[in-house]
Structure formats: structure tokens, C-alpha cells
Amino acid sequence: MRFVSTRGASPALPFGAALGAGLAPDGGLYVPERLPRLDARDVEAIPDGRLADTLAALLRPLLGNDPLAARLDALCAEAASFEVPLVPLRGSGDHLLELFHGPTAAFKDLAARFLAASLSSLRAPDAPIQTVLVATSGDTGAAVGAAFHGREGFRVLILYPDGKVSPAQAHSLGAFGGNVRALRVTGSFDDCQRLAKQALGDAALRAEVPLLTANSISLGRLLPQMGYYAMHALRFQRRHGRPLGFIVPSGNLGNAVAALIARTTGLPIGEVVLATNANPTLSEFFDGAPYRGRDAIPTLANAMDVGAPSNVERLFWLAGGDEAAARSLIRVQRVDDARIRATVAAAEARHGVAPCPHTACGLAVLEDLRAAGDTRDWAVAATAHASKFLDVVGPLLSSAPVVPAAFAALLAQPAQADAMAVDSEALAAILRAEWSAS
């Protein structure tokens with residue numbers, strides 16, 4: 001199995017090499033040269049047990065004889081060391097897929113931990129220190145910081161949009177210290193993402209400073225997210241004889257694309273519906289307009305404030321490059337701030353949960369499906385714990401949600417983040433200075 005660029009102008013690489021490269025030399029994203037197709041016997045052979053076992057079964061055909069294959073079971077066990085439960089809601093056929101039980105209380109923890117474990121396993125003892133450069137709209141940076149914190153041979157530089165993440169998110173991004181540093185950028189997440197891509201695509205800079213990426217442009221961030229969709233879809237199908245559909249709050253599209261990849265390989269995943277915030281890029285495209293990235297607008301669901309989602313390239317790859325085929329893969333519904341507030345305020349009585357603003361987007365889509373007469377089984381992906389967004393949800397709930405212990409410990413640490421303009425040369429200078437100081 002080899003991995004190729006979505007833009008088709010870079011050499012094919014084995015899994016580990018593509019993982020280390022992050023972004024392809026032609027600026028594209030790595031995807032499998034071909035997707036494994038599972039027949040009924042293959043699907044039946046996937047164990048109905050721990051998430052780590054399901055994840056290893058899904059990734060094994062993609063790794064082939066890559067050096068990481070020999071350690072795959074251990075890597076998956078290290079990544080998936082926490083529960084990812086499917087919890088029934090109050091409505092018939094309504095479920096919540098709780099993805100926030102990792103150390104930073106967000107769905108990004110699983111894949112960030114897999115990526116960190118894999119890159120650490122691939123690293124030679126005498127290799128130079130590598131800098132993991134990550135742009136974040138709120139949750140990715142903390143997950144990556146936690147996954148790489150204290151790992152020998154790695155340094156993390158987090159770029160986040162100043163004033164456009166929640167107070168708890170901002171604190172967590174700057175609270176690691178040690179080999180993890182945060183920069184608060186005077187711009188949007190899209191600006192942060194562009195800065196990271198420019199640095200990763202700068203051959204001269206990378207010759208001086210060994211760089212890695214931990215955004216969802218990385219295969220190591222994308223592919224492990226198949227695991228929780230596959231595990232619960234399989235379990236649901238085996239126990240009820242019906243497919244389970246998923247409503248996925250999304251901004252950069254990686255989590256949703258992972259569900260689509262799992263379904264394409266042959267897993268019994270039902271329909272996938274994307275819940276976005278008021279940023280219109282995806283909803284306009286799926287309504288029939290040509291794809292057009294643009295600057296993001298700030299919303300209450302800030303981690304989804306993305307105007308030019310990177311993983312659109314992988315969506316088009318799944319559809320064979322055909323826009324009409326891409327639109328057939330998923331549906332998209334946009335949820336504005338007023339609807340987010342209303343959904344959070346009503347969620348305790350209606351669903352029995354206290355959602356974060358992003359999960360509220362998914363619950364709003366579920367409510368609309370039910371209002372339209374849809375009686376199928378649905379699971380809303382709960383992408384983060386509500387306590388990360390107390391500034392938004394606190395006034396709307398009857399009581400404040402309890403902060404999970406691991407995240408509370410992170411918030412108890414002092415935090416520091418340095419200001420930076422939207423300036424690729426300034427970022428390159430910081431990277432060079434960090435490297436020379438090591």
C-alpha cells in the first residue's frame with residue numbers, strides 16, 4: 001500500500017513516510033493509492049470489542065508491510081486508552097457519540113495520540129529534533145500539545161487565532177510549557193492554516209528546520225478517526241440489524257471524511273450528514289454552487305470557524321474528482337448562532353444532555369430530521385465537552401457542567417502565549433530561532 005497526493009504530482013510513499021511528510025511536495029494531501037474493499041467476511045472478522053482492536057483491524061490493510069505495521073496493535077492501544085461511548089438520548093433512535101473523554105476533552109485526542117505514538121516509533125535515536133507545526137481553531141492544538149508533551153525529540157509550535165477561541169481553549173493551548181509553545185496570531189484560523197502550509201511547503205526552511213504537521217492534513221490525524229464510526233456502526237448493525245447514521249459537526253472536514261472513508265471500504269455506516277455553523281463555504285457548495293473558499297466568520301461554534309477547509313481535497317478524491325459525485329456523498333446543513341443558543345438552552349429538557357456549541361449544531365440537525373419525519377437511527381458526534389465553552393453555554397444551562405479531571409488539571413497550570421502577526425517571514429524566523437536554540 002502506498003499513498004499519493006490529491007494533486008497527483010508527487011511520488012507515492014509508504015504510510016510511515018507519508019506520515020512524516022505531512023503535506024505532499026505539490027501542496028496536496030496524502031490519500032491511499034487505492035482503498036481496501038472489505039467483503040462481508042472481512043467485516044464480520046472485525047472484533048466487537050475495544051476501540052483499539054477495531055482501529056487496528058481497519059488500519060492494518062492500509063499499512064501493508066510498513067515498518068509501523070509490526071507495532072500497530074500497541075500504537076492503537078496507546079491512542080485509544082479511553083472510552084468512546086454511544087449514549088442514548090431521550091428521543092427514539094437518537095444517540096450521542098461521546099468523543100470528549102480524552103485528556104483535552106475533545107475528539108481530536110484519539111488521532112493526535114496515534115500520530116504522536118507513530119512518529120515517536122519511527123524516530124531514530126540519533127535523529128535531530130523535529131518541530132510539529134500545528135494550526136488550531138481551538139481543540140486541535142491542545143490535543144497535539146498533550147500528545148507530544150514531554151516526548152523526546154519533538155517540539156510543538158501551536159498557531160491559534162487570538163481572541164477567536166474560548167477562554168478555556170486559549171488557556172489550555174498555552175499551559176503545557178516544556179517542549180510545547182503557543183503563538184496567538186492576529187488573524188483567523190484560515191490565516192493560521194495558511195501560515196502552517198506555507199512553512200511546510202517551504203523547501204529551504206524545511207532544509208534548515210525539520211518540520212512535521214499534526215493538522216488533519218496529516219494521514220495520522222485523518223485515518224484513526226475511522227475507528228469510532230466503524231466500531232459503533234458495526235456494533236449497532238450486529239445488535240439491531242439496521243445501519244446507524246452519523247451527524248458530524250465539522251469545519252475542516254477531516255472527521256466527516258474519515259467516516260466516509262470507513263463507509264467506502266465497506267463498513268455498515270448509514271448516511272452521513274454534516275452540521276456546520278454559519279460559515280457558508282460547505283453549505284453553498286452542497287446546495288449546488290461552485291466550491292469557493294473564503295475568509296471565515298466568527299461564530300459561537302468557534303472550532304468550526306473555517307472558510308477554506310483543507311479536507312475538501314480528500315472529499316473530491318473520494319468522489320473521483322467529480323463535484324456532483326462529491327455532493328452525493330453527504331448532506332450539509334448550516335446552523336447559525338441563534339439556533340445554537342436555542343438548542344443548548346433546550347437540550348437538557350429535550351435530549352438529556354448539556355452540549356457544547358459544536359455538538360449543539362449536530363443536535364439542531366437531528367431535530368430538523370425528526371421534524372421532517374425521518375425515523376432512522378442517528379448518532380450525533382459530540383466533538384467536545386461543554387465545559388470548554390462555559391462563556392457560551394454557562395448562561396444557557398441550569399447548572400455549569402463539571403470540568404473533566406484531566407482537562408481541569410491542564411487549566412490549573414499557568415499559561416503563556418506569544419503574539420504574532422499574520423506574517424510567514426515572522427513565523428520562519430521563530431522556527432529558525434527555536435531550532436538554533438535547541
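**Close-up views of a predicted model**

**View 1. A buried aromatic pair, Tyr 229 and Phe 246.** In this predicted model, Tyr 229 is buried, and Phe 246 is buried as well. Their ring centres lie 5.0 Å apart. The planes meet at 75°, so the pair is edge-to-face; the cut-off for that class is over 60 degrees. Tyr 229 belongs to helix 11 (residues 226-240), and Phe 246 to strand 9 (residues 244-249). The two residues are 17 residues apart, and their pair links distant parts of the chain. In total, the structure holds eight aromatic pairs.

**View 2. An aromatic cluster with an arginine over one ring.** Four residues form the cluster: Phe 285, Phe 286, Tyr 291 and Phe 316. Ring pairs link them. Arg 327 places its charged end over the ring of Phe 285. The distance to the centre of that ring is 4.2 Å.

View 3. Strand 10 (residues 269-276) pairs with strand 11 in the parallel sense, over four bridges. Leu 274 has Val 332, in strand 11, as its bridge partner.

**View 4. Helix 6 and its cover.** Of the nine residues of helix 6 (residues 140-148), eight are buried, so the helix is largely enclosed by the rest of the structure. The buried residues are Thr 140, Gly 141, Ala 142, Ala 143, Val 144, Gly 145, Ala 147 and Phe 148. Their cover includes four helices and strands listed here among others: helix 5 (108-122), strand 5 (130-135), strand 6 (154-161) and helix 7 (167-173). Strand 7 (180-185) and helix 10 (219-222) also contribute to the cover. After helix 6 comes Gly 150, with a positive phi near 80°.

**View 5. Val 257 and its contacts.** Val 257 sits in helix 12 (residues 254-265). Its relative accessible area is 0%, so Val 257 is buried. Beyond neighbours within four places in sequence, Val 257 is in contact with Leu 222, Asn 311, Arg 314, Leu 315 and Leu 318. Leu 223 is 34 residues from Val 257 along the chain. The C-alpha atoms of Val 257 and Leu 223 are separated by 9.1 Å.

**View 6. Cysteines without disulfides.** The structure holds zero disulfides. Cys 361 is in no disulfide, and its nearest cysteine sulfur belongs to Cys 356, 8.3 Å away. The cut-off for a disulfide is within 2.5 Å. Cys 361 has 0% relative accessibility, so Cys 361 counts as buried. Cys 192 also counts as buried, at 0% relative accessibility.

How values were computed. Residues numbered from 1 in each chain as written. Predicted model: local features only at pLDDT ≥ 70, side-chain atom pairs only at ≥ 80, totals over all residues. Heavy atoms only, no water. Phe/Tyr/Trp six-rings, centres within 6.5 Å; stacked < 30°, edge-to-face > 60°. Buried < 20%, exposed > 50% of the residue type's maximum accessible area, 1.4 Å probe, protein only. Lys NZ or Arg CZ within 6 Å of the ring centre and 35° of its normal. Contact = heavy atoms within 4.5 Å. Pairing = 2+ DSSP bridges.
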